[in-house]
Amino acid sequence: MVTRRNALGRGLDALIPAAPPPRSASEAQDASPGAELAVADIAPNPDQPRRRFDDAELARLADSIRRHGVLQPVVVRRSQPGAARPYELVVGERRWRASQRAGRATIPAVVQELEPSELLEVALVENVQRRDLNPIELALAFRTLLDGGHTQEEVGQRVGLDRSSIANHLRLLELPKELQEDVELGTLTMGHAKALLQLSNPERRRHLRDRITRDGLSVRAAESLARSLAAPRAKRSEKTKPAAGKVDPNLRGLIDQLQAHLLTRVRIEGAEGHGRIEIHFHGPEELDRVARSILEGRRA
């Protein structure tokens, strides 16, 4: 669970003045705070931590803007000399995109003098305040701040999160791209992703991911399965060894197939055509899941 501190870094409250913004386009010529700027004069923020913009949400916001206008100004900075557009967006890209869709020529904007190094931090704080970023977007933004020389503690202080929350988000970047995309799309929660991180074997990760999405496993059930599959092979197969001390390759292969299919520990004991199979489970949820996996195979 993400823990938020009371004090955030430099967010919208510090950037937008209390006085109501002037609305005329002529007042924008001096680039004073509270200007009405041409939408075409604003370039998107290259350091925007948000990577995904829901098309349906943008359509709804555009419809609202057509009826009511933009109720909160975006924040921009002056572009560097030679830039294609005179202003660069700092925060408010969703409002800016929706204004384009709505056919607006201008948008209310607050012009702030910010250094390029401040762009990501301010945009990140604003998105954290609004809870607009998915866990992967947060992790990538945190990584960029760390690459800029900040420590995890400093990043946490700037965005109002505990250092452990920063570390937990960064761990998500250890997942392969396909699983990161599942988290971005909301197919997997952050809790499910942390369960997958317990497994280093790519095939078992994929099997667990498929079982989570197919059976709707809770985070607790996913964690239990991951712990079982992550147990050292020596412990999992300790009682499957015959008296001679060697495991039949065919038997070992069958055990691996059963464990991959059931996503839990399996033990086979016996020899010479008789024996028993043990299937481990932890709690009623996992028992129900394992039983359904076996019974579905029988119906097939």
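Predicted model: local features only at pLDDT ≥ 70, side-chain atom pairs only at ≥ 80, totals over all residues.
Is isoleucine 279 buried, partly exposed or exposed?

Isoleucine 279 sits in strand S7, residues 274–279. Its relative accessible area is 32%, so isoleucine 279 is partly exposed. What does isoleucine 279 touch, leaving aside neighbours within four places in sequence? Leu262, Thr264, Arg265, Val290 and Ile294. Take threonine 264 from that list. Isoleucine 279 and threonine 264 are 15 residues apart in sequence. In space, their C-alpha atoms are 7.2 Å apart.

Now compare arginine 211. Arginine 211 lies in helix H10. Its relative accessible area is 6%. The cut-off for buried is under 20%, so arginine 211 counts as buried. Which residues does arginine 211 touch, if we skip those up to four places away in sequence? Gly216, Leu217, His261, Leu262, Leu263, Arg289 and Ser293. Note Leu262. Leu262 is a contact of arginine 211, and Leu262 is also a contact of isoleucine 279.

On to the cores. In soluble globular proteins, nonpolar side chains tend to be buried together. Here, the largest nonpolar core has 21 residues. Which of its members touch the most other members? Leu172, Leu175, Leu196, Leu208 and Ile212.

Let me pick out leucine 175, from the largest core. Not counting residues up to four places away in sequence, leucine 175 touches Gln180, Ala193, Leu196, Leu197 and Arg205. Leu196 is another of the residues in that core that touch the most other members.

Next, helix packing. Two packed helices are described by the angle between their axes and the distance between the axes.

Start with H10 and H11. Their axes are 11 Å apart, and the angle is about 160°. Over 145 degrees counts as roughly antiparallel, so that is the label for H10 and H11. H10 passes H11 in a right-handed crossing. From H10, the contact uses Arg204, Leu208 and Ile212. From H11, Ala222, Leu225, Ala226 and Leu229 take part. By class, that contact has six nonpolar residues, no polar ones and one charged. Leu208 and Ile212 turn up here, and both were on the list for the largest core.

H6 brings Gln152, Glu153, Val155, Gly156 and Val159 to the contact. H7 brings Arg163, Ile166, Ala167 and Leu170. The classes here are five nonpolar, two polar and two charged.

Last pair: H5, residues 135–147, and H8, residues 177–185. How do their axes cross, and within what distance do they come? The crossing is at roughly 115°, and the axes come within 7 Å. Pro135, Ile136 and Glu137 of H5 meet Gln180, Val183 and Glu184 of H8. That contact has three nonpolar, one polar and two charged residues. Gln180 is in this contact, and leucine 175 touches Gln180 too.

Terms used
Residues numbered from 1 in each chain as written. Heavy atoms only, no water. Axes fitted to C-alpha atoms, helices over the stretch in contact; angles between N-to-C directions. Helix = DSSP H or I, 4+ residues; strand = E, 2+ residues; numbered from the N terminus. Contact = heavy atoms within 4.5 Å. Nonpolar A, V, L, I, M, F, W, Y, C, P; charged D, E, K, R; others polar. Core = buried A, V, L, I, M, F, W, Y, C linked by side-chain atoms within 4.5 Å. Buried < 20%, exposed > 50% of the residue type's maximum accessible area, 1.4 Å probe, protein only. Parallel < 35°, antiparallel > 145°, perpendicular 65-115°, else oblique. Left-handed = near helix turned anticlockwise from the far one by under 90°.
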